[in-house]
Amino acid sequence: MGIIAWILIGLLAGIIAKMLMPGKDPGGIIVTLLIGIAGALLGGWLGKVIFGVDSVDGFFELSTWIAAIVGSLILLVVFRLFSRASR
């Protein structure tokens with residue numbers, strides 16, 4: 001997949017992660033979308049390292065989207081923990 005596809009998947013995964021885990025985040029929607037992009041990369045990497053599967057088969061593959069959303073949720077939780085600790 002190309003970089004444009006990764007960015008698009010990350011943006012959508014960030015939105016889906018925000019819908020699955022609603023709440024007030026410092027930084028707003030822009031930070032959530034950036035977390036989604038980073039989460040998509042993290043999810044693909046974790047799927048390959050932990051489970052030994054190629055979770056990045058293609059744009060329309062379910063495994064790609066699940067990996068991206070799970071990675072986004074992980075990063076969103078970590079971001080919320082660090083932002084609350086700094087307050």
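Tutor: Helices here are DSSP runs of H or I with at least four residues, and strands are E runs of at least two, both numbered from the N terminus. This is a predicted model, in which local features need pLDDT of at least 70 and side-chain atom pairs count only at pLDDT 80 or more, while totals for chains, interfaces and linings use all residues. Residues are numbered from 1 along each chain as its sequence is written, and side-chain values use heavy atoms, with hydrogens and water left out.

Student: Is Ile66 buried, partly exposed or exposed?

Tutor: Buried means under 20% relative accessible area, exposed means over 50%, and partly exposed lies in between (1.4 Å probe, protein chains only). Ile66 has 45% relative accessibility and therefore counts as partly exposed. Ile66 also belongs to a nonpolar surface patch of about 560 Å², made with Leu62, Val70, Ile74, Val78 and Phe82.

Student: How is such a patch defined?

Tutor: Patches are made of residues with over 30% relative accessible area and no salt bridge; like charges are joined within 9 Å, and nonpolar side chains (Val, Leu, Ile, Met, Phe, Trp, Tyr) within 5 Å. A salt bridge is a side-chain nitrogen of Lys or Arg within 4 Å of a carboxyl oxygen of Asp or Glu. The areas come from the Shrake-Rupley method with a 1.4 Å probe, and for residues only the protein chains shown count as cover.

Student: Which residues of helix 3 are buried?

Tutor: They are Thr64, Trp65, Ala67, Ala68, Ile69, Gly71, Ser72, Leu76, Arg80 and Ser83.

Student: How does one check the length of a helix?

Tutor: The expected span is 1.5 Å times one less than the number of residues. For helix 3 (residues 62-85), 24 residues should span 34 Å, and the end C-alpha atoms are 35 Å apart, which agrees. Helix 2 also has 24 residues and reaches 33 Å from its first C-alpha to its last, close to the 34 Å expected. Just after helix 2, Gly52 takes a positive phi of about 70°.

Student: Which residues form the largest nonpolar core?

Tutor: A nonpolar core is a set of buried Ala, Val, Leu, Ile, Met, Phe, Trp, Tyr and Cys residues joined through side-chain atoms within 4.5 Å. The largest one has seven residues: Trp6, Ile9, Ala13, Ala40, Trp65, Ala68 and Ile69. Helix 1 (3-20) and helix 3 each supply at least two residues of this core.

Student: What does Ala40 touch?

Tutor: Contact means heavy atoms within 4.5 Å. Ala40 is in helix 2 and is buried, with a relative accessible area of 1%. Leaving aside neighbours within four places in sequence, Ala40 is in contact with Trp6, Ile9, Gly10, Ala68 and Ser72. The C-alpha atoms of Ala40 and Gly14, 26 residues apart along the chain, are separated by 8.4 Å.

Student: And which residues does Ser72 contact?

Tutor: Ser72, in helix 3, is buried with a relative accessible area of 1%. Beyond four places in sequence, the contacts of Ser72 are Ala13, Gly14, Ala17, Ile35, Gly36, Gly39 and Ala40. With the same exclusion, Ile69 touches Ala13, Ile16 and Leu20.

Student: Where is Met21, and is it buried or exposed?

Tutor: Met21 is found in the loop between helix 1 and helix 2, and at 19% relative accessibility Met21 counts as buried. Leaving aside neighbours within four places in sequence, Met21 is in contact with Leu73, Leu76, Val77 and Arg80. Met21 and Leu73 are 52 residues apart in sequence and 7.7 Å apart in space, C-alpha to C-alpha.

Student: Is Trp45 buried or exposed?

Tutor: Trp45 is found in helix 2 and counts as exposed, at 52% relative accessibility.
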